[in-house]
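This report covers aromatic ring pairs and charges over rings. Look at the sequence and structure first.

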Amino acid sequence: MKSLVIVESPTKTKTISKYLPKGYDVDSSMGHIRDLPSSAKQIPAKYKKESWATLGINPDDRYFAIYVTPPDKKKIVKRLKDKLKDADELILATDEDREGEAISWHLLEVLKPKVPVKRMVFREITKEAVQNALENTRDIDMNLVFAQETRRILDRLAGYTVSPLLWKKISPGLSAGRVQSVAVEFLVERERERMKFRSGTYYDLQAALQKSGDNNEFKADLTHLNEKRLASGKDFDENTGKLKKPDSVVLLDEEMAKALVDDLKGADWSVNNVEVKTQKRNPAPPFITSTLQQEANRKFGMSARDTMSVAQKLYEKGFITYMRTDSTRLSNQAIDAARDAIVSQYGEDYLFERVRNYKASGKAAQEAHEAIRPSGSRFVQPEKSGLKDREFKLYDLIWKRTIATQMAEAELEFTNATITAKNNGTSADFRAGGKKILFPGFFRAYVEGSDDPDAALENQENFLPPLAEGDSTDLQDLNFNAHETKPPARYTEATLVKELEKSGVGRPSTYAAVISTIQSRNYCRAEGKALVPTFTAFAVTALLEEHFPDLVNSEFTSALEDKLDGVAAGTEDPVKYLDDYYKGENGLKAKVDRQEDKIDPQKAKLLDLPLDGLEGISVAVGRFGPYAKMQKNGEEVSTSLPEDMDPSDLTVEKLDQLIKLSEEQDKPLGIHPEEGLPVFLLSGRYGPYVQLGEVSDTNKKPKRVSLLKGMTPESMDFETALKLLELPRTLGEHPEDGKVVKAGVGRFGPFVVHDGKFKSLTKDDNVLTVDLKRAIELLAMKKTPKKSSELKDLGKHPDTDQQIRVMDGRYGPYIKHGKKNIGLPKGTDPQAFTLEQAVELIASKG
């Protein structure tokens, strides 16, 4: 008997094949084999004239959806159909979640098998799990399919109904989404808080002390002055920078702090009070999708998308259980494996006295999955896994977190000592804090936010000498410190995921895609770990808040998610659910139709930024990016704003600088001595540049040269502008062959070139002044071409068995497959690129 087993991933194909008996042919669908049309040309001819064809969904026919097989999936479908002809049964073994269930259903619809069909599911790819799944197959769960299809239709309705409105009212190419718009609103609202924030300044004192007769020095901070609490950051109003209750605290300025230091240097110092208490700490629950994304971002700086990509690999290779889960539950098998590993690795003392059980507590819990943990009944130690780089790091993180759940509590001792200094009627209380780890317990394996538990243990401890009330202490040093209150921190990927989950917006399995989408669509950009909203994000969020508040309301979006869970459970009718959202007087379509005429495009483009000093200055977004305009001497002047400028960085000074530059654009720096044309210093969305001549019917594309790195508009003069316009400039003829040598600036920086041979200038060379002699020296240097470096090993191609690698070359990232090199599509993150995407890209190139 021959069985065709279909999974969604080539890596999963290889792993599962090891655990199936002979006669089982495992192949991959490479994810979904069909979807809603992505463009008009994909719509079948019989539907093109329908009024709803562009939407791809007929709301008046129970939301009938047009499903099409994309061109890059047709070869896969043909291959699977050919294999099915020789099979006696079809086993669908895609992932056990809504997406996996939908992939299986689509396969069933497209392949139309005439042989028996079974649905096989497992939550980890081990021999035991696969064989158990083979013995306990089931039918496709249509409730899960309906939930996935309803979510897909819902997102299409939201995007295709609201996005065109944004194109008309603000700028082409914008998009709205059911979850993405809420995520962007979170970022914008936090940025508004930062803009409104006013900092406050306060001072405090820190003493270095020794107990009399003891040489161990310790630090103590001033907390009270004459029995009145010293002001700290929490006492300031964020919007005014002033104290909320000035009479209840002491606010030190610099002069008072200096005087107090001088006064207390002659004081008597003694211990006034000592409090010692012990505390036990319990380990965090095992990972679910969202907490894994947060911790990988905190510890390794990995994006949510990268984390899920690496976790998918670990799952498909059989190292961890399924990585899309909302449950913190551990199976008995996992608990036994963890407890065995603890005894083996750390000894009996580190084993918790009883089994710890965790239950899912969030309202987002979806399917009854297990937590993310190492797979199998015996956990593979990270050091013996053979994994490398990010796969090793993430597996090590999951292994440690899982092990920690069954380890003993950590026992800590905290000491708080109050040392009082008295002099000339002044009484100042200083607080010294000590922390001692009495028993590390689970800290030995896992400390949140640290990837080195042993180092973290050392950093956590802070020892005080034995202190008792009445003990005399000796002052060694006394200093004052200035502090400024800080605005609310911007969201990082980790904190945004946490906020989305807390609000019940979306589901953890979708967060990676949502965060990637809002970045790729220019609603925010990453600065370090922080996610900074753009001018476009402010404009779109303001329009949605005013005219479609439900679309950016986290409670409304959370309620939609709860109903989707009801569809998955079979308790909610998907058609009624979609009707309530889309149709009727309060449905999305009617709201958009009502609001469209009320929205003035000119007002929609204007940004209401809560920044001081911008009175009389209008900031807006347009077709070509953000810009500012103002009245000056009775005339309106405007200037483009650099694309990399953060909205919160906008100041009157910066605007004045940009507008001044913009005003002077009509005034040439001078007349080109040879061309007889004016030379202008201009500023555009990509920064300042010099231009030869004006744009006209006869000169539609005048020569333009960007300012070089380190140059500023303020420092630009006519002579330098002329040199820039000479680029690429001729240096002379090469003495060996008489061919011309030139200097210029290209994609990879300043260079010299001769007979097609390029050589980059060094940091000490200047492209405007380099001469022929220096150019010949550079060209004569032995060329050390940039070698392509490997960024990622994706594994072997499922058909050719040849290795596929993501490489970094001179012209950007590409994949290498045998002798083929194929550039990655523009905007693709090479670190997040998967084997499935690579196979599709190779297939599309023939």
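Buried means under 20% relative accessible area, exposed over 50%, and partly exposed in between (1.4 Å probe, protein chains only). Phenylalanine 430 is buried at 0%. Tryptophan 269 is buried too, with a relative accessible area of 5%.

This is a predicted model: local features need pLDDT of at least 70, side-chain atom pairs count only at pLDDT 80 or more, and totals for chains, interfaces and linings use all residues. Residues are numbered from 1 along each chain as its sequence is written, and side-chain values use heavy atoms, without hydrogens or water.

**Ring pairs**

Rings of Phe, Tyr and Trp (its six-membered ring) pair if their centres lie within 6.5 Å; planes under 30 degrees apart are stacked, over 60 edge-to-face, and the rest tilted. The count comes to 15 aromatic pairs. Here are two of them.

| Pair | Centre distance | Plane angle | Class |
|---|---|---|---|
| Tyrosine 47 and phenylalanine 64 | 5.8 Å | 50° | tilted |
| Tryptophan 269 and phenylalanine 430 | 4.9 Å | 50° | tilted |

Strands (E, at least two residues) are DSSP runs, numbered from the N terminus. Tryptophan 269 lies in strand E10 (residues 268-281) and phenylalanine 430 in strand E12 (residues 426-439), 161 residues apart. Tyrosine 47 lies in the loop between strands E2 (24-28) and E3 (57-58), and phenylalanine 64 in strand E4 (residues 64-65), so the pair ties together parts 17 residues apart in sequence. Tyrosine 47 is buried at 17%. Phenylalanine 64 is partly exposed at 32%. Ring pairs link Tyr47, Trp52 and Phe64 into a cluster.

**Charges over rings**

A charge sits over a ring if NZ of Lys or CZ of Arg is within 6 Å of the ring centre and within 35 degrees of the ring normal. Arginine 190 has its charged end over the ring of tyrosine 491, 4.3 Å from the centre. Arginine 444 lies over the face of tyrosine 350, at 5.3 Å from the ring centre.

Methods. Helices (H or I, at least four residues) and strands (E, at least two) are DSSP runs, numbered from the N terminus.
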